[in-house]
Amino acid sequence: QGPVTVTVRRLSGARTALSFFQWTPVLRDILSKYWRAVGPYWYAQNLPPGQDWYSAVGPAMKQAYPPEEKRDFSAPVALQNGKTAKWTQLTGDDPWVNLYGYSNTLATSLNYAVTYLHSPVAHNVRLTYGMDYWMKIWINGKMIKDDDVHGGPPFKGQFSQIGRASCRERV
């Protein structure tokens with residue numbers, strides 16, 4: 001609250017470079033407890049010797065799994081090998097979704113998460129996100145990020161201008 005002063009100064013060397021700096025007011029974080037998740041969907045389980053699991057991410061991300069086809073939170077969701085899982089309400093007040101913590105799987109699995117955003121009036125919005133590894137993003141069933149692969153901290157450009165958002169949006 002109140003005025004803020006930001007000072008950027010060089011601590012050593014002869015040159016100063018600032019790669020990216022942005023402050024954006026956050027009206028409301030989407031806390032982890034507002035999301036539901038399902039998975040995991042396994043890939044790269046039977047790779048030939050010497051092939052790295054990371055090379056199988058692209059083909060796995062191009063495949064459409066059941067949560068992309070239909071979402072019924074009261075019904076079991078088909079996984080692989082005849083197994084099913086239910087959508088699970090996540091917990092916690094963290095401003096991120098930790099799918100590794102949800103499924104205890106990291107490499108060689110994909111998980112899905114869904115939340116709903118509510119607004120009493122339509123207005124322009126910008127979705128900002130950070131990720132480490134890969135993701136797809138849909139807004140109300142329309143894919144806005146397809147097979148986005150990145151390893152490391154968030155970087156400039158990880159946003160989508162959604163336009164006019166109405167009363168209930170599914171992310």
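**Figure 1. The salt bridges of the predicted model.** The structure holds 2 salt bridges, a salt bridge being a side-chain nitrogen of Lys or Arg within 4 Å of a carboxyl oxygen of Asp or Glu. Side chains of opposite charge can pair when their charged atoms come close. This is a predicted model, in which local features need pLDDT of at least 70 and side-chain atom pairs count only at pLDDT 80 or more, while totals for chains, interfaces and linings use all residues. Residues are numbered from 1 along each chain as its sequence is written, and side-chain values use heavy atoms, with hydrogens and water left out.

**Figure 2. Close-up of the salt bridge between Asp 93 and Lys 33.** The side chains of these two residues meet with a distance of 2.8 Å from N to O. Asp 93 lies in the loop between β4 (88-89) and α3 (99-103), whereas Lys 33 belongs to the segment before β1 (36-42), so the pair ties together parts that are 60 residues apart in sequence. Helices (H or I, at least four residues) and strands (E, at least two) are DSSP runs, numbered from the N terminus. Asp 93 counts as exposed at 51% relative accessibility, and Lys 33 is partly exposed with a relative accessible area of 32%; here buried means under 20% relative accessible area, exposed over 50%, and partly exposed in between, using a 1.4 Å probe and protein chains only.

**Figure 3. Close-up of the salt bridge between Lys 136 and Glu 68.** In this pair the side chains meet at 3.6 Å, again taken from N to O. Lys 136 sits in strand β8 (residues 133-139) and Glu 68 in helix α2 (residues 66-69), so the pair ties together parts that are 68 residues apart in sequence. Lys 136 is buried, with a relative accessible area of 16%.

Figure 4. When its neighbours within four places in sequence are left aside, Ser 109 is in contact (heavy atoms within 4.5 Å) with Pro 40, Tyr 41, Trp 42 and Tyr 43.

**Figure 5. The protein chain around these views.** The secondary structure of the chain comes to 3 helices and 11 strands, and 27% of its 171 residues count as buried. Among contacts in the chain with a separation of 6 or more, 69% are accounted for by residues 24 or more positions apart.
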